[in-house]
Amino acid sequence: MVTRTYRSLQMHRIPYTDLTEAQVTQALRPAASGPSSKSAFSDVFAGKHLKIVTTDGPRLDYNFRNSHELELSENGGKALKAGYGALDSRGLILLSHMIPGSQRGYEVVIDPRTRLVTVFEVSFSGYAAAETAAAVEAKRAPQFKNGHRNREAQRKIWFGYVDDGSAAPAARHTYTNRLEGKGMHWRQDNDIELLEFYVSILYSNFIELTRFGGEMTICAPTDYIMVNDHQFIYSRIEAEFSGTLTVQIIDLFEMSQKGVRLGLNEKDELEYYMYSGNGETTGQIATFEVFGNNAETRGPRRLYRPLETFEVMTDDEVKDQVLNHAHAFGDGHGSGAAGMGGYKGELITKFAGKSLTARMDNGGPVIQYEFTDAKQLKWRYEGNSNWRDAWYEMYEPDEDLYFFAHLLDAEFPRSCAMVALDMKNGLSTIVKGTTGTSFRNNETHPTYYFGVFQMEGAPTPPQYLRHGMTDEMVGEAYTWNYSPGNPGLTSMHLYATPSTYSWIIFQPDGSGGLQWSSPGWYSKLRDGVYIMAWVEEACNGTLGVILFNRKIMHDAGFGYHVGRQGGLSLSVIGARARHAGRFEVKKHLGLI
Amino acid sequence: MTENKMNGTRRAFFVRGGAVLGAGVATAAAAGVLLPDAAPAVPDRLPQLQRELTSHQDRESIRQLHRAFTAAIENQTYEAAVELFEPHADLNLSGLSVQGQPAIRRLLITQYRQQQARVLHSAYRQGPLQQPDLIAIAADGAHATATFHCDVELSTPLPADSTLAQMARLQGQVAERHWEAGRFEARYVKTDGQWKMTALRFTSSPPSRPQLLP
């Protein structure tokens with residue numbers, strides 16, 4: 001377990017500066033002399049000449065004067081001098097350098113045994129051009145809501161070979177899905193410790209335990225390239241955050257890494273270093289492509305930019321929506337069937353005509369209910385004479401375990417109650433969802449309350465026993481199919497820490513695609529039965545709360561969202577699950 | 001649409017149509033050579049040959065117009081598709097019916113591009129047992145009708161506006177795709193020497209029933 005020395009602000013809340021091109025140039029200036037490294041650089045290239053030819057990409061002619069200075073001619077052009085660093089991963093060499101006076105550089109992986117090469121041509125201040133071109137192609141307006149992102153590294157990947165005068169090799173390095181499903185724990189020579197989860201072929205999920213917290217995982221667009229059956233190239237760009245590039249060689253025989261990080265940190269300072277690390281596999285979960293699909297070719301790079309697309313609303317806008325445009329379960333007409341409730345369970349109606357009191361501990365809410373019929377109830381806080389009417393829906397995700405939800409008072413911010421009633425022991429849990437966070441009005445946040453309920457015919461509640469928070473789900477991955485069809489509306493959840501989860505959207509061929517993460521919370525009601533909540537922070541602000549029964553691999557839950565379209569909504573979630581596997585990460589998170 | 005798909009589906013479809021037409025023209029020409037004495041003198045045949053040539057050119061123009069429409073739908077260049085219609089044209093794609101170019105524009109550029117329509121045409125292909133196409137040019141040479149048989153790939157957009165659905169759409173995903181056989185029925189008008197559609201309707205064929213044993 002690492003000592004917590006990192007800042008409390010999670011990466012998605014850091015207001016990274018929208019630097020000008022001139023500022024980026026200035027910040028990158030020290031990179032001309034090459035990266036630093038705690039471990040010794042390799043001198044394998046010192047005094048040598050290397051000519052690299054790439055398919056459709058640059059031709060690079062290197063003269064290495066020694067172990068830290070090189071001369072490079074690009075495409076036969078004038079030779080220029082630069083500082084560089086190289087690390088040797090059991091014969092596979094990672095070379096890194098920038099081009100002085102520019103915002104460009106190269107990260108090159110060279111396999112002298114096969115002469116095959118992968119070249120990452122890296123640049124900065126390229127987001128605007130790339131985004132404009134993408135927008136033209138997609139016939140949409142370019143997204144510059146959060147600035148021009150000059151700080152975000154851009155990369156082009158070229159596959160090629162070392163030209164030694166003999167015939168060119170026929171093979172090339174290729175993209176791959178051979179790392180998909182794998183989790184790694186890394187400890188680097190610079191004392192940085194992190195968990196990485198490769199659960200998509202387009203994205204990866206990671207936690208820098210020593211710097212940015214062991215609480216919430218972060219997702220980044222990622223490239224996976226196969227060198228051979230045990231050596232791979234992994235690269236990611238922290239696109240919605242600092243924009244930093246990571247390129248590393250992973251050796252699964254030795255369980256080692258050799259890598260480079262290049263970018264500007266949250267203080268806009270250059271971070272350019274190479275590192276060596278040792279790791280261990282935390283797990284290998286299932287993948288869902290058909291056999292024979294090795295993802296050697298892949299479509300265009302895809303980026304999910306939730307910070308760009310999040311619709312930030314003003315106080316007044318949110319207030320208007322939550323007071324004047326609030327709808328629970330389609331005001332009694334039902335909800336969710338066309339969205340995340342395609343597999344919702346049977347509506348429970350047998351509480352109609354009954355009364356109960358849900359009594360939460362430690363000053364939590366005490367709510368009295370009278371269930372008018374199958375869809376409407378009356379509620380009031382204990383001690384308050386004023387009954388309020390509300391739409392509700394109730395489900396039974398485990399035997400004699402009921403879960404229902406309704407809106408609370410029409411006030412700003414506005415809340416809803418999601419109530420679990422355990423008819424086997426009289427325990428109750430309420431997740432109160434409320435609009436607004438300290439960052440955005442139209443995000444939501446949950447508050448968990450544990451307690452009991454009292455109802456005629458229900459068991460006498462226990463004095464001490466309660467539902468409670470749990471880490472049992474940490475490391476688990478489940479697919480969730482929300483609607484019929486293939487792939488239909490289907491994702492995979494990865495519950496990587498006790499306070500986060502991420503979701504992966506499957507591509508049509510079954511491979512993992514876009515991925516994002518959010519804070520998450522997990523409570524246990526029974527063996528194999530959990531209430532899990534997440535908030536899509538800086539994404540669309542939705543609170544999702546599901547009561548998950550692992551015995552039947554099904555859930556019942558509710559979504560709580562406020563936006564310009566649809567106002568404030570409380571709707572049903574119902575999906576079918578498959579177990580994808582488990583990562584053994586608890587010891588790295590200090591949980592065991 | 002990939003090049004392979006183009007070769008295997010729409011391109012092959014229209015190449016086949018062109019080949020049939022070419023064979024007919026060649027047969028007529030050959031018959032003329034074999035019956036020199038019975039045939040009218042060349043000057044007398046010029047108007048007829050001119051009409052045949054114009055008719056051939058019109059058919060080919062209409063075929064190209066239809067090919068431009070299907071290509072625009074497959075490539076999602078909806079703005080180009082809109083320009084193939086007359087201002088007051090009718091369009092009905094598998095039950096989604098609109099009248100007039102502004103409404104066609106809304107259907108394609110808004111409902112299709114943003115996946116708001118309940119069902120989308122996403123690709124076309126020629127089936128192995130497809131009936132031949134029919135193109136009829138009116139006597140005035142300015143109006144025409146046509147029937148093009150083909151299979152359509154119908155895509156049902158992902159419902160909901162959840163983050164999940166948004167991300168899936170970014171990957172080009174839909175809730176469901178399937179192929180149906182059917183036909184385009186179209187009407188055309190020639191204005192200033194250019195053919196445009198005044199009506200286009202795609203209707204799926206009823207599913208064929210298995211033959212019963214006697």
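**Exercises on a two-chain model**

With 18 C-beta neighbours inside 10 Å, B:S94 counts as partly exposed; a residue is buried if 20 or more other C-beta atoms lie within 10 Å of its own, exposed if 12 or fewer, and partly exposed in between, with C-beta atoms placed from the backbone. The model is predicted, and local features need pLDDT of at least 70, side-chain atom pairs count only at pLDDT 80 or more, and totals for chains, interfaces and linings use all residues. Residues are numbered from 1 along each chain as its sequence is written, while chains are lettered from A and ligands numbered from 1 in the order in which they are written.

**Exercise 1. Describe the overall build of chain A.**

Count the elements to begin with: chain A holds four helices and 38 strands. Its radius of gyration is 27 Å, close to the 25 Å that the globule rule gives for 592 residues, so chain A is as compact as a globular protein of that length; this radius is taken over C-alpha atoms, and the rule is 2.2 Å times the number of residues to the power 0.38. Along the principal axes, the C-alpha atoms fill a box of roughly 85 × 45 × 45 Å. Finally, 51% of the 592 residues count as buried.

**Exercise 2. Which strands of the nine-stranded open sheet in chain A stand at the edges?**

Write down the order, β23-β22-β21-β20-β28-β27-β26-β25-β24, with antiparallel pairing; two strands pair if DSSP finds at least two bridges between them. β23 (388-391) and β24 (393-398) each have a single partner strand, so one side of each is left without a neighbour in the sheet. From one strand to the next the twist averages 30°, with axes being lines fitted to C-alpha atoms, for helices over the stretch in contact, and angles running from 0 to 180 degrees between N-to-C directions.

Now look at one pair inside the sheet: β20 (residues 355-360) and β21 (residues 366-371) of chain A are joined in the antiparallel sense by five bridges, and A:S355 has A:E370 in β21(A) as its bridge partner.

**Exercise 3. Which side of helix α5 (residues 101-112) of chain B holds its buried residues, and what do they pack against?**

List them: B:I104, B:L107, B:L108 and B:Y112. They cover an arc of only 80° around the axis, which puts them on the same side of α5(B); the arc is that of the directions from the helix axis to the C-beta atoms. An α-helix has 3.6 residues a turn, so residues three or four places apart point the same way. The face turned away from the buried side of α5(B) carries the exposed residues B:P102 and B:T110. The buried residues of α5(B) pack against α4 (78-82), β1 (85-93), β2 (96-99) and β3 (120-125) of chain B, where two residues are in contact if their C-beta atoms, placed from the backbone, lie within 7 Å.

Note on methods:
Helix = DSSP H or I, 4+ residues; strand = E, 2+ residues; numbered from the N terminus.
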